[in-house]
Amino acid sequence: MRPVNKMIVLGGGSAGFLAALTAKIKLPELEIKIIRSPDIGIIGVGEGTVWTMPVFLHSYLGIDPRPFHQTVRPTYKLGIRYLWGPRPLFHYSFDRQFNWHYDALPKPNGYYCDELFDYASNACALMEHNRAFAVQQDGGPVIDTTSAYHLENETFVRFLEDYATRQLGIEIVDDTVQEVEQDAWGVRSLIPRTGHRALRDCHLHCSGFRSRLLAGAFGEEWVSFESTLFCDRAVVGGWQRTNEPLLAFTTAETMDAGWCWQIEHDNWINRGYVYSSSFLSDDEAEAEFRKKNPKIESTRLLRFRSGRYRRFWRQNVVAIGNASGFVEPLEATALWLICKQLAEFVNVLRDGEREVETEQIDAYNRSVALWWDSVRRFLAVHYKFNTRVDTPFWQQCHHHTDLAGGEDFVNYYQAVGPSTNCEGTLGKDDMFGLEGWLAMMVGQQVPYKRKYQPSQRDWEQWRYIHQGVRDRARTAMRQEDGLRIIRAPDWNWNLEYFRRASPWNPR
């Protein structure tokens, strides 16, 4: 591959602008141009994220959180409330619940959660009491890495666009690529509708599901996840917020042929029903969706397929985001994967002083494939063990979901329960870690053979611990109150939490 000095980012959504910002901030000597098609609009749905998103934005990229909060107005997300499995509900948080144990107890926390689950962690307790922030000594909200963002996609993209042009001087061309010219090095040039050739050394391909370059120009092989993830459509809607509380979590609710999300914004509640068209027609899905959510206004139908491409980097083209693959939003992995792909891409360019060897491309492709596949197998256990309803769709999930590499962990868990000694069954590239897997297995009350019976003393200690967690949550701050403080011009941002926790090199 030629030395990378000039780069085109194809696509103007969240993936495209994050790609342009990341490349320019980390490699300022690059000349970067964005080509976005006016024919492809912004999806415009609410987006959930995970805890690494604030870290990526404010530590790795160095974007000031003050104007970000004042312009994008994210709300805070402590985790996911699952209306899932036999419990009335359970919480999956970004702090530690199960991959540890209290010194006063002999077993990891999961062994005590058959009944008393609500206060397994501070974040879970906050969600239980509809609180968002612990309170500092000065009365302000605690901002740390146990929370993520809810983002309104269109507002987020507009902020990134403004940052790219005003702060970094990145050129944006609004045009539609009509033709792709190739040579021995890969894609030689893109020819937009205007006819002016755009020649560059490298192309970051962020054009979404169409994957114009990876699939279109190279014919890259598609790896389907359909044996694991049966859903292929979503009906999306929402309504203006009235007197509903501003919740600090995403809700994932079991439906007849899939599940329904709820994402919280200041003035809007975003809902979407992800379902399988093999078990439900579009009209039936719309009817079930509206029956569950009578305040829904207009709706849109989205079609998708779950899977990834075999390779993500071909010659001088690197696919990012939906151009490289797609899985449904059950664990809010879309932006997470984009950030990981971009950070790894930057590392590759830095290692070779922007000259890339074939071995580096091969290693990149292996790493990114492992990340996508780890998302697939983690989502598999969500479907395999959700016993909340007994419809044909869920029967299919129980009996036929391909665990796709999650079998070792599942077998270990079903033998001995929520032990913290089984991390080796997941592999070092797992995106969710033992904490995430244990949360879903314990939350869904997946049975295991070697049942543990805590002593009376241990039960009393567990209840005592719960009481302390509950009491702290009751005095915590509601989301609305915390946001008013955070968004004020005089709020003092302490980014040390993000710097210490960053999984990326902060150079």
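Helices (H or I, at least four residues) and strands (E, at least two) are DSSP runs numbered from the N terminus. The model is predicted: local features need pLDDT of at least 70, side-chain atom pairs count only at pLDDT 80 or more, and totals for chains, interfaces and linings use all residues. Residues are numbered from 1 along each chain as its sequence is written, and side-chain values use heavy atoms, with hydrogens and water left out.

**Helix α13**

- The buried residues of α13 are Asp458, Trp459, Trp462, Ile465, His466, Val469, Arg470 and Ala473; buried means under 20% relative accessible area, exposed over 50% and partly exposed in between (1.4 Å probe, protein chains only).
- These residues lie on the same side of α13, because they cover an arc of only 140 degrees around the axis, the arc being that of the directions from the helix axis to the C-beta atoms.
- An α-helix has 3.6 residues a turn, so residues three or four places apart point the same way.
- Gln456 and Tyr464 are exposed on the face of α13 turned away from its buried side.
- Helix α4 (122–128) is included in what covers the buried residues of α13; contact means heavy atoms within 4.5 Å.

**The seven-stranded sheet**

- An open sheet of mixed pairing is formed by seven strands in the order β6-β5-β15-β16-β17-β14-β18; two strands pair if DSSP finds at least two bridges between them.
- Strands β6 (90–93) and β18 (300–303) each have a single partner strand and stand at the edges, so one side of each is left without a neighbour in the sheet.
- From one strand to the next, the twist averages 20 degrees; axes are lines fitted to C-alpha atoms, for helices over the stretch in contact, and angles run from 0 to 180 degrees between N-to-C directions.
- Four bridges join β5 (residues 79–83) and β15 (residues 250–255) in the parallel sense, and Arg81 stands opposite Thr251 in β15.
- Helix α12 (residues 433–443) lies across β5 and β6, and runs at about 180 degrees to β6.

**Cysteines**

- The disulfide count is zero, a disulfide being a pair of cysteine sulfur atoms within 2.5 Å.
- Cys202 is buried, with a relative accessible area of 0%; the closest cysteine sulfur, in Cys206, is 10 Å from its own, too far for a bond.
- Cys339 is also in no disulfide, with the nearest cysteine sulfur, that of Cys206, 12 Å away; Cys339 counts as buried at 1% relative accessibility.
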